[in-house]
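Here are a few exercises to work through with the model open beside you. Try each task before reading its solution.

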Amino acid sequence: VGAYVDEFDAETTKQFSACVFELGNGTLYVAFRGTDSSIVGWKEDFMMAFRRPVASQEAAARYLTELAGHWAGPIMVGGHSKGGNLAVYAAANVPSEIQERITVVYSHDGPGFDEAFFDEDGYVRIASKIHEHVEDGYTVVSSDGASIMQHFALHWQVDHGQFVQADGLTSSAQYLARTINGWMAKYDDEHRRKFIENLFAIFEAGGYDTFGDLTSHLTQSLPIMLAAARNIDVEDRDVMIEVLKGFAATAAASVILAK
């Protein structure tokens with residue numbers, strides 16, 4: 001295990017981390033980390049809804065290109081959550097001679113891309129090597145988690161070295177997807193940008209850098225956050241409520257796990 005990097009920059013809204021695993025059979029696995037608990041990290045995730053590339057996507061492509069220059073053998077690429085998105089983006093944006101050495105790309109419940117991305121030459125060249133879990137053309141994995149905690153990979157069920165597959169998404173997951181995807185399709189990038197800026201202005205108004213600290217001091221931060229939310233447009237309120245409910249469920253589950 002090596003080549004560990006961990007880059008964080010609040011000014012450019014960047015949270016990026018990666019490392020590599022030499023598997024002992026001549027193959028290198030390049031692993032991109034998902035989002036940490038920082039508000040900046042989550043904000044970068046949401047920025048993917050209106051901007052490409054974001055800072056961590058650019059960093060991922062540079063990282064994979066540099067690593068491939070020091071390795072002559074086959075390369076596997078993967079990641080969970082935002083790491084899955086970075087794995088796909090990086091694999092699609094390295095030179096074609098590196099793509100030829102990539103044997104597989106894993107995106108485990110990673111955020112998706114805009115439609116234009118799938119038409120780019122780099123993606124078309126690598127598309128057949130991409131394996132996705134929960135995405136269009138996905139495999140659904142059984143999870144012991146509740147609500148948004150189903151997303152956490154440590155809750156995913158494994159049997160004899162293989163993920164346990166579910167029949168499909170739950171009704172609640174389908175509802176949330178319809179709510180958010182329907183809203184996304186309704187508005188242009190500029191409207192999405194304003195929505196996300198408003199959403200994270202609410203979180204940042206609480207005065208803490210991580211969601212762990214924010215929820216630990218919810219009594220003090222909640223009145224401030226509610227005051228910051230008063231000016232949200234009615235047309236955006238429903239989807240924002242769904243997003244906030246997801247964060248609340250994650251925070252509650254995290255407290256239970258900590259105990």
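**Exercise 1: a covered helix**

In H1, the buried residues are Ile-39, Val-40, Gly-41, Trp-42, Lys-43, Glu-44, Asp-45 and Met-47. Keep in mind that this is a predicted model.

*Task.* Work out how many of the nine residues of helix H1 are buried.

*Solution.* Start with the boundaries: helix H1 spans residues 39-47. Next, apply the cut-off, under 20% relative accessible area for a buried residue. Eight of the nine residues pass, so helix H1 is mostly covered. For context, buried residues make up 44% of the 259 residues in the protein.

**Exercise 2: charges under cover**

*Task.* Find which residues are linked with Lys-82 in a network of salt bridges, and say where they lie.

*Solution.* Begin with Glu-44: its salt bridge with Lys-82 has the closest N and O atoms 2.7 Å apart. This pair links distant parts of the chain, with Lys-82 in helix H3 (residues 82-92) and Glu-44 in helix H1, 38 residues apart. Now turn to Asp-45, which also forms a salt bridge with Lys-82, the closest N and O atoms being 3.7 Å apart. Because Lys-82 lies in helix H3 and Asp-45 in helix H1, the pair ties together parts that are 37 residues apart in sequence. Put together, Glu-44, Asp-45 and Lys-82 form a network of salt bridges.

Then check the cover. Lys-82 has 0% relative accessibility, so it counts as buried. Glu-44 is buried too, because its relative accessibility is 0%. Asp-45 is likewise buried.

**Exercise 3: a serine beside the network**

*Task.* Decide whether Ser-56 is buried or exposed, and list its contacts beyond four places in sequence.

*Solution.* Locate Ser-56 in helix H2, residues 55-69. Its relative accessibility is 0%, so Ser-56 counts as buried. Leaving aside neighbours within four places in sequence, Ser-56 touches Lys-14, Gln-15, Phe-16, Glu-44, Met-48, Lys-82 and Leu-86. Two residues from the previous exercise, Glu-44 and Lys-82, are in that list.

Key
Residues numbered from 1 in each chain as written. Predicted model: local features only at pLDDT ≥ 70, side-chain atom pairs only at ≥ 80, totals over all residues. Heavy atoms only, no water. Buried < 20%, exposed > 50% of the residue type's maximum accessible area, 1.4 Å probe, protein only. Helix = DSSP H or I, 4+ residues; strand = E, 2+ residues; numbered from the N terminus. Contact = heavy atoms within 4.5 Å. Salt bridge = Lys/Arg side-chain N within 4 Å of Asp/Glu carboxyl O.
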